[in-house]
Amino acid sequence: MSSVISPRSRRSEAGPDRRSVLAGAAAGLLVATLPARAATDISPERAQLIARITEGALPERGRITLDIPALVENGNSVDTRILVESAMTEADHVRWIHLIAEKNPFPDMARFHLGPRAGRAEVATTLRLSQSQTVTAVAALSGGGFVMADADIVVTLSACIDGG
Amino acid sequence: MSFNARITLPAQARVGEIVEIKVLTRHPMDRGGQSDGKGGTVPRMILNRLTATYAGEPIFRLDMHTGVSANPFVSFTTRAVATGDIVFEWREDGGATYTRTARLTVT
């Protein structure tokens, strides 16, 4: 019985084939990358940008949601929404929310000042991103603490190009 | 100067209800440094602050830098307390200010 493919191009029976080797390598790479990402979570430059606005304190993670697209077609206008879980009472509220883009020419993008009258710590705006980078949102709480959230953003069309 | 603003908020709200206020502003927000096409560069000219007062009381302030897009959209919330005017004031580089007013009816 003749085969439709020549014996020479047929998959060899012995040993793993190319496809399974590649899949295994990719899985290994993923596993190897995940702890590395956690270890180098905040780059020194970004830590410095955060410390500058929190007077040295390291913000906790959690209680804050940064809603921003992971893939941005146009860096000139990026829809961003920040929500902080807070009762927004006189005793416990969010004082401000600050947005940092580490690789923008001016990393500070905006600061929202809120108070107990806001009712809910939820704000939205449109941002400019010069390139693919990590966007950080830091919120200052009335108790003196800080919380943060960040997101890795891929920008297809940079802002900061001439004519942009 | 082509400034304009569209403010969206509920026509009326009940006391204690949290209302979302959306502000879409028309402004070039020139970050400075782009070519002006004549060999020079465009100077920085952005709206650097938006404040909102509700019946005379400040409720919201946004400090903007060059990282805010042209024609910026801003949304925030406030708790409805009484019928009154919400006054929005923008401060532009160079000191110019723009003011718009929206009325919130509280039932």
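## Exercises on a predicted two-chain model

Strand β1 (residues 4-8) of chain B lies largely in the open, because zero of its five residues are buried; a residue is buried if 20 or more other C-beta atoms lie within 10 Å of its own, exposed if 12 or fewer, and partly exposed in between, with C-beta atoms placed from the backbone. Strands (E, at least two residues) and helices (H or I, at least four) are DSSP runs numbered from the N terminus.

This is a predicted model, in which local features need pLDDT of at least 70 and side-chain atom pairs count only at pLDDT 80 or more, while totals for chains, interfaces and linings use all residues. Residues are numbered from 1 along each chain as its sequence is written, and chains are lettered from A and ligands numbered from 1 in the order in which they are written.

### Exercise 1. The elements of each chain

Task: State how many helices and strands chain B has, and how many chain A has.

Solution. 
- Step 1. Chain B contains zero helices and eight strands, and its elements run β-β-β-β-β-β-β-β from the N terminus.
- Step 2. Chain A contains two helices and nine strands, in the pattern α-α-β-β-β-β-β-β-β-β-β along the sequence.
- Step 3. For burial, 26% of the 107 residues in chain B are buried, and 34% of the 164 residues in chain A are buried.
- Step 4. Along the principal axes, the C-alpha atoms of chain B fill a box of roughly 60 × 20 × 20 Å.

### Exercise 2. Confidence in chain A

Task: Find the mean pLDDT of chain A, and identify the stretch where the pLDDT is below 50.

Solution. 
- Step 1. The pLDDT is the predictor's confidence in each residue, from 0 to 100. For chain A its mean is 82, and 73% of the residues reach 70 or more.
- Step 2. Residues 33-40 of chain A have a pLDDT below 50, and this stretch has zero contacts in the model beyond near neighbours in sequence. Two residues are in contact if their C-beta atoms, placed from the backbone, lie within 7 Å.
- Step 3. Where pLDDT is low, the predicted coordinates should not be read in detail.

### Exercise 3. A sheet built from both chains

Solution. 
- Step 1. Two strands pair if DSSP finds at least two bridges between them.
- Step 2. Seven bridges then join β3(B) to β6(B) in the antiparallel sense, with B:Leu24 partnered by B:Phe73.
- Step 3. The chains meet where strand β7 (residues 121-127) of chain A pairs with β6(B) over two bridges, again antiparallel; here A:Ala124 stands opposite B:Ser75.

### Exercise 4. The side of chain B that touches chain A

Task: Determine how many residues of chain B are in contact with chain A, and which strand supplies the largest share.

Solution. 
- Step 1. In chain B, 23 residues are in contact with 26 residues of chain A.
- Step 2. Both β5 and β6 of chain B supply at least two residues of this side, and the largest share, seven residues, comes from β6(B).
- Step 3. The residues of this side divide into eleven nonpolar, nine polar and three charged. Here Ala, Val, Leu, Ile, Met, Phe, Trp, Tyr, Cys and Pro count as nonpolar, Asp, Glu, Lys and Arg as charged, and the others, Gly among them, as polar.

### Exercise 5. Positive phi in a loop

Task: Locate B:Ala55 and state whether B:Ala55 is buried or partly exposed.

Solution. 
- Step 1. B:Ala55 is in the loop between β4 (47-54) and β5 (57-64) of chain B.
- Step 2. Although not a glycine, B:Ala55 has a positive phi of about 50°.
- Step 3. B:Ala55 is partly exposed because 14 other C-beta atoms lie within 10 Å.
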